[in-house]
Every structure is written in C-alpha cells, then in structure tokens.
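Hi,

Here is the structure I promised to pass on. Have a look at it first, and then read my notes below.

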Amino acid sequence: MGPAALPEIAIHATMDISDTAQISRVRREHHMVNAPLHIITLVKWVPDAQLERRYNAEGRIDRSEGVLSELDEYPLEAALQIKEAAPDREIRVTALTMGPAGASTAAKKALQIGADDAYQLTDDDLIGADIWATSVALKAAVETVTGAAEFDSGEPEYLVLTGMASEEGESGALPAQLAERLGAHVVTYATGLDFEAERLVVTRSGGTESQRVAVTMPAVVSVTDQVNDPRYPNFKAIMAAKKKPLTRFTLADVGLQREHVEPKVRVVTTQARPPRTAGEIITDEGDAGVKIVEFLAKERLL
Amino acid sequence: MSNVLVFFDELGEALTPAQKELIAQAAALGEVHIAVAAYDGDPTPVLAVNGVQEVYLPEVSLPAPEVAIVDLLETSVAESGALVVLGSSTADATDALARLAVRLDTGLICGAGSISADLVVTKSELAGSYTTTSQLVSAATPAQPLVVTFKPNNIDPQRVATLVTDGEQPEVNVLPVRPSVGGVQIEERTAMEVSARPALAEARIVVAGGRGTDGDFTPLEELADELGAGLGASRAATDAGWIEHAAQVGQTGVTVSPQLYISAGISGAVHQRAGMQTAGTIVAINKDEDAQVFEIADFGVVGDLHEVIPQMIEELRRRKG
C-alpha cells in the first residue's frame, strides 16, 4: 500500500494549508441550514363553548370568563414537535395572546404545555376589535416579539403558527390578514406538517383537491385539529412553567395608538335565537321508521 | 344600485349551487361582475347568466393558495368600481378576500347569511345561538368596498333558480396577472374523490351517522340516496376511520344548515351541535334515551338505527312506488 498512500497524504497536506477557508465555508453552510427559528404561536382566550356564550349590551361577545381555545392547542403542539425534532437547532417557541386581563390564563396554559416564553397584548383600546384591527395589532405584536428575542446562533427566521379559526369568531381570516401585513407567506388549514431544513411542507385540502404545499420562512401557517394530538401538561411541566417569562404589553409598547386599531366593521344588532326545544320523542315499537316518514311527510320535507 | 364583484376561486364546467347563490345575492344589489382565479379553457359560457356584465380573468389559471389571486382581486375591484365584494366562506376564498381587505384597507365580514341593499350583513354567530347585523363603520360614506364571505344554503334553491337564469355571454377582461414565483409552491395536487351525493355544506337534506353505526354506514348511504341527501358524520366516526374526515359535521368540520338533518347514532355533544343546530328540522335516532341530541330534535326515536333506517327506506320506496 506504500505508493498508493502518498497521494492521500498530499491531499491532506493541501487541506491543511487552506483549512481556515474550508472550515469557514463549512460553518457558513451549517449556519444556513441551522439558522435559529423563532416560532410564534398565537393563542386565544375564548368563552368556553361547553357553556352558554352570549353577547353583551354593547354588541360584543361577553369575555368575562374563558379558556385557552381548544383549537389553539394544535399549533402549540405543532411548534413543540418541530422544536423537539431538531435538537441541534436553536428553536424558541413563544406563545402570543391578545385579549383582556383574563387572557393571561391562556398564556400561562401555553407555558405549561411547553412554550418557552409568552406575551400578552392587553389594551382597552382593543375592546371591540374586528378582524382588521386584530391583524393590525397582532402584526405589531409579532414584530415586537421577534425584534426583542435574542438568539445565540445567528439571525433567526420566524414562523407564526395559528389554529384553524378562533372558536367564537370562526372566520379563519386572521392568518391571511396577518401574513399580508407582515409580508410573510401564508398557508392555511394544514392537516400535516413536515419541517425541512429551510422550508415547511404542508398537507392541506384545497377545495376539491388534496395538496402538498412548500412554504419558506417567514410564514404564517394555520393548522386544523387533524394535524396532531396535543399533549397535556404534566405536574413537572406545570411547575416549570412558573419560572418561564410572561410579558404583558400595551398598544403603546408595540408602537400603536388608538386610531391605528379603530375597527372597520361594527355590529349593529345582536339577537339571541330562541333555544331549540325538544319535540316529540317516541320509543321504537317496531314501527318507528314508518313514523319518521309520516312526520317528514306531514312537515312537507319529502 | 351599485356594482358588485363576485369572487370564484375556481370555476368548473357548471356553476355549483353555492356559486349560483352568490350570484343571486349579488344580483339583488346591482350589476354583477365576476373575478375567476382558477379555470380550464374558456369559462365564459358557464357565466352567461342574466345580470352578469363583466368577467375578470388572470392570464393563466391561478389555483389557490396562489398569492397572485389577491392581485387579480385588487385589479378587478379597480376595474369594476364595485362597492361590495362577495365570495364564499371556504378556506381558499377567505384567504384571498382577507388579504384583499388589508390591501384595500377595508372591513371584512365572514360567514354571512344575507346582505341588504344598504349593505347591512346578517349572520349567524356563536354556533347559531345568535343572529347579528353588522356594517362598515363608514357605511354612510364608504371609501372602499365592503368585503363579505357567505355560507351556502341561505337562499331557497327554487328562488335561486328564478334569480339566476341563462343570459348573454358577459364581457371578458383578461388582466395582466401572472402566478408568483417562490415562497409558496404547490408540489403535489391530488383530486379528491367526488361523491355523486350533494356536497355536505350545500345539501338541503343531510343524513349523519356516529358511533351508533358501529362502523357500518351502508344503511345511512342508502337513506341518503333515497332522499337525495348529503352524507355526514360525527367526529367519533371520522376519527375511527369509518368515513372520510371531510364528512365531519361540527365545530371543527363542516357547518351545515339544511332544511332537514337526520342524526343517527350520534350523542349530540356541544361540538357536534355547533355544526348543525341551525338546521330547519332535526330528526334523531339513538339507542340511548338520554342522548343530548334529543334535547334539540323535532322528532326523536329511541331505537336501533339498524332497524329504524331500513324501515324508513322501505316506507319511502313504498310511497314513491
């Protein structure tokens, strides 16, 4: 093997001479792939759908009591799974909520589930915010949060994850409005997520087709309840959450004033629908199928 | 009367019932202009409807989530001089219209049921427990059009048929809008199986099954076909894999508001009810007399769906027969 070994040594020697350049190139590539990632998960404090929900006299949804929206546990779980799948990458999961004082419950629950830190935007001028005003405020909040975060391994990319819709508003329009304002890409109603080095591949259903859509950062992505099975916080996580930072800020803290968040849409009237009442209930005695058809015929539904 | 811009994120070989409804909603407000994002061939013959004056198309078809759809809409608003923009409340249409509202710096109302001539929008809120009306704050002197998405099934199909009738081919404007490059890329598209049954959200009658089917949807399918109904399911049934997820009726699935909802083997917990309690008439079949669904059923049968439904089918056939 003597003669054959010589070229190898020669190559090695060449590498030694230029090792500084080589190593710095390798580092740069490493840095490109492993740029830190800041995942902002939007979580909302909403009236409990299991209880009676109502409008108040001002034509606004009564928000005196609430819970972390169940639909917002899915983006939080998605964020934690992305982080856990990339242990060599610096990834921070921030929970961001906007709402009245009570909304800190949602932020705290997010910390218990596993977010690294949390922010709560609270301001009386946000009461009665419509979709338009909400996306104005959240855009400023996301920029403030990403601007304040410090990362050890370089300039972070950011990804905003949201639930498919808010449980009480149900419009599902916020992710697209937020993305438009942030100048970020948007993909909504994800039923599956594959996080690759520099992009996110989303499975979703678009109208009459199933799609796989690749999106690069910065991005706003909403996820459905099909995307994962959210974890429950255990005792250890609940205790650990007490030490995690929860920052409250106001409109002024994110650089906005009242006139920036005046709603474009106002609710004129609200009318509670009379609750449905039970009709005729019979026990099948062998003729219930016929009786249903008779009922449908009587109601002119056939 | 004002000009109205209607947005179709995709247009097939014929207008869907929801698209006809949108045209009907628009025609009551003024001259109808239509912007179409994704299409095959020449879409104008499909849009030859009385009241439809102008159609706006991109240079090439733009399937959602293509971001250039917002450019198409923005240009179409300018071209049409519309005072209101209407679309459906599906995910893709909502995304595009939500972005449009930011670009135009205007208000957005989602999930509407109807709109009046003075642009006051009526919608159902909090899973059907409230009805609200809302409008632009600047309604008296609107600088920008109001953007509204609609849920289907708010106008009686017979009324839609009288409002949406064949007409002249509209004038077509091809706008200089092309697909964007990078950022969001569709890598794979798979057409979903199209059921011969009516689409769930648009169906006038819905037959839905849950845990009580024990995984066998055959009797429900037969009943649905006998009634010309859409087929739905509870989350328990879709999670069990007995039927595709797209069939899920409920808060996180499809919200339906049919004339008639037949619930079979579904307990009727809050999340399910949120998706169907605005139905005109509810008929429930459940073995458990304490099932919550009986609290809201107009007609309920405590019994085994595997016996009751076949008898229903037999009786329906006998009456037709």
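Chain B splits into two domains: domain 1 covers 4–175 and domain 2 covers 200–320. Before you go further, keep in mind that this is a predicted model.

How far apart are the centres of domain 1 and domain 2 of chain B? Taken over C-alpha atoms, the distance is 31 Å. The two do touch: nine residues of domain 1 of chain B are in contact with 10 residues of domain 2 of chain B.

Now for chain B as a whole. You'll find eight helices and 15 strands in it. Its C-alpha trace spans about 60 × 45 × 45 Å along the principal axes. A compact globule with 321 residues would have a radius of gyration near 20 Å, so the 21 Å of chain B agrees with that. Of those 321 residues, 55% are buried. If you take the contacts in chain B with a separation of 6 or more, 67% of them link residues 24 or more positions apart.

Next, where does chain B meet chain A? The contact takes 71 residues from chain B and 65 residues from chain A. Helix H3 (91–104) of chain B is among the elements on the chain B side, and H3(B) gives the largest share, nine residues. By type, the chain B side divides into 33 nonpolar, 24 polar and 14 charged residues.

Strand E13 (residues 280–283) of chain A runs parallel to E15(B), and four bridges join them. Which residue of E15(B) is the bridge partner of Ile281(A)? Look for Gly300(B).

In soluble globular proteins, nonpolar side chains tend to be buried together. Here the largest nonpolar core has 135 residues, and those with the most contacts inside it include Ala110(A), Val221(A), Val6(B) and Phe7(B). Helix H5 (residues 131–148) of chain A provides the largest share of this core, 10 residues. There is also a second, separate core of 47 residues, with Ala201(B), Ala203(B), Met276(B) and Met312(B) among its members.

Leaving out residues up to four places away in sequence, Val6(B) touches Leu22(B), Ile23(B), Ala26(B), Val32(B), Ile34(B) and Leu86(B).

Cheers

Note on methods. Residues are numbered from 1 along each chain as its sequence is written. Chains are lettered from A and ligands numbered from 1 in the order in which they are written. This is a predicted model: local features need pLDDT of at least 70, side-chain atom pairs count only at pLDDT 80 or more; totals for chains, interfaces and linings use all residues. A nonpolar core is a set of buried Ala, Val, Leu, Ile, Met, Phe, Trp, Tyr and Cys residues joined through C-beta atoms within 7 Å. A residue is buried if 20 or more other C-beta atoms lie within 10 Å of its own, exposed if 12 or fewer, and partly exposed in between; C-beta atoms are placed from the backbone. Helices (H or I, at least four residues) and strands (E, at least two) are DSSP runs, numbered from the N terminus. Two residues are in contact if their C-beta atoms, placed from the backbone, lie within 7 Å. The radius of gyration is taken over C-alpha atoms; the globule rule is 2.2 Å times the number of residues to the power 0.38. Domain bounds come from an automatic or database domain assignment. Ala, Val, Leu, Ile, Met, Phe, Trp, Tyr, Cys and Pro count as nonpolar, Asp, Glu, Lys and Arg as charged, and the others, Gly among them, as polar. Two strands pair if DSSP finds at least two bridges between them.
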